[in-house]
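Morning, everyone. Let me put the sequence and the structure up, and then we'll go through some aromatic rings.

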Amino acid sequence: MFSSAFLVACLAAVAYGKPMARSMLVHETRESVPAAFERVGPASADTMLDLRIALVQGDMAGLEKALMDVSDPASPLKGQFLTKEEVEAFVAPKPETVSAVTEWLKENDVDATTASPAGDWLSFSIPVSKANALFDADFTVFNHTATGTTSIRTLSYSIPADLQGKLDFVHPTTVFAQPFSGRVFNFVPSRATKPAGAVNLTSDAVPASCAQVVTPACLQALYGIPTTPATVKTNTLGVSGFIEQFANQQDLRTFLGALRPDLPPTTVFSLQTLDGGSNPQQVGEAGIEADLDTQYTIGIASGVPTVFISVGERNRDGVNGFLDIINSLIGESNAPQVLSTSYGFDEPDLPTSIATNLCNAYMQLGARGTSILFSSGDGGVSGSQSQTCTTFIPTFPSGCPFVTSVGATTGISPEVAADFSGGGFSNIFAQPSFQANAVSTFLNALGNTNSGKFNRAGRGFPDISAQGENVEIVFQQEFGTVAGTSCSCPITASIIALLNDELAAQGKPSLGFLNPLLYSAQGTAALTDVTSGSNPGCNTNGFTARAGWDPVTGLGTPNFAKLRTAVGL
């Protein structure tokens, strides 16, 4: 029998000595270093790491049901979007989850702070030596060979066994997101210093010149987009910017003066920044992606207030600022009604944990009424850019079912698939019910072609498409053309923003999460099916566009007049 004095001594040892050892379990592991990276050596023991812990979220199944209820055109709750607080109530971890994880961190002298509106993220900084001990990890310096960018990661880590089901994952640990190095644009300068100017449209005829060069006038004719300025100033359109791609107001003025002279020459975008972001206005610092994205939102969504969101290089979120920008928007009381992003990843670059967490974040914003659109990638079936592969490479976030993925078309009579249009099937996210019929029809017609190269049970993308080749922009005061799904995404987002303006003018809610509408009978009827072309890659012809949905152009391209009818205008 122990004496009381001995018991007190033991308790004191626990209270003032080292924390009691906990049974640890390997939580995430990566078998090998991705091909784009090389191991440099052990990270210095005293290097400080900015780490985050994702806590297991509360009721994501409940939030998904709520999202579908407010997004399905057949639902009586359509358009009754959730408030910020209602979304956070679904996402917030259980109190016992928060206390269990924070107590473990405190035992180890780690001072964590809440890093998200719903309290599902914690952040802290600790030296490499402590991180290695705390997580049974081996933090190592890795070099991204194409850019020379270094990062500190571990191929595996462990967490206490009793925190399984409470601690979702530690980040960034096993994530090897390739740095954005700027999209591969083939900017082709125009021969003339200034284009002919806006076409005066008096009919639905698409000017023949649009087969060579795509301008706002071409898109207005091709898709029936109105030129009448928007009227509701609270209906906003957000444009994501990364990697110090700066949007230039002077380039925009030159673009509008030549190609949208009907718009006021004073038309500008507003600026929002995070992670040390900025937007200097020297013409030589203009970014081709940022110029494209702002010119084909402001130049298409006539009069819709547009905000350029510049994510700086001080992000430490391990995914090039993607986590920071969505958490920032989730934290806003009035987020944009439409968000257009022309950046993305190859899905294999991201662990399932962070991909799922980001996808859930898009679900949160969608439940509040924001339409979130991403370009589908420019490598056909080989991913974000053309690359060597043996199996098809899906892109992210396009594989997330809670975003709308936009592919690319080219030509005018008729439109056909652009051969770079990213498309395929996710290896992380299952096929959502809203697209089950459309995708199964495609797969049945496909048969055994490319069998084993893609996941037939995965979420299929893109959802919709638009022009993406020979698109005219102004870059550093020079006219020229570019290509990519980076063109298609802002064009499509602008159409949604214009529909939202008309809805708001009638006192109706914004469109919000688009996919249940797009895949409904009235949605597909409002799109022009694209039935020819393919997206080759991985030494195959890729997928082929056909009648109905396909993983090249999705459901087709927009028809504004029919979309107005589909959304009840």
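Start with Phe543. Its relative accessibility is 0%, so Phe543 counts as buried. Keep in mind that this is a predicted model.

Now, which ring does Phe543 pair with? Phe454. The centres are 5.1 Å apart, with 80 degrees between the planes. That makes the pair edge-to-face. Phe454 sits in the loop between α11 (436-446) and β21 (458-461), and Phe543 in the loop between β25 (527-528) and β26 (557-558), so the pair ties together parts 89 residues apart in sequence. And Phe454 itself? At 12% relative accessibility, it counts as buried, because the cut-off is under 20%.

Next, the wider count. The structure holds 25 aromatic pairs. Take Phe242 and Tyr343: ring centres 5.1 Å apart, planes at 70 degrees, so this pair is edge-to-face. It also links distant parts of the chain. Phe242 is in the loop between β11 (237-241) and α7 (249-259). Tyr343 is in the loop between β14 (338-341) and β15 (345-346). The two are 101 residues apart. Buried or exposed? Both Phe242 and Tyr343 are buried. They also belong to one aromatic cluster, together with Phe322, Phe345, Tyr362 and Phe374.

Last stop, α7. At its start, a side-chain oxygen of Asn248 comes to within 2.9 Å of the backbone nitrogen of Gln250. Buried residues in α7 include Leu252, Phe255, Leu256 and Leu259. Gln249 and Asp251 are buried too. What covers the buried residues of α7? Among the elements are α6 (216-223), α8 (288-298), β23 (471-475) and β24 (478-482).

That's my tour. Thanks.

How values were computed: Residues numbered from 1 in each chain as written. Heavy atoms only, no water. Phe/Tyr/Trp six-rings, centres within 6.5 Å; stacked < 30°, edge-to-face > 60°. Helix = DSSP H or I, 4+ residues; strand = E, 2+ residues; numbered from the N terminus. Buried < 20%, exposed > 50% of the residue type's maximum accessible area, 1.4 Å probe, protein only. Contact = heavy atoms within 4.5 Å. Polar contact = N/O pair within 3.5 Å; in protein donor to acceptor, adjacent residues only side chain to side chain.
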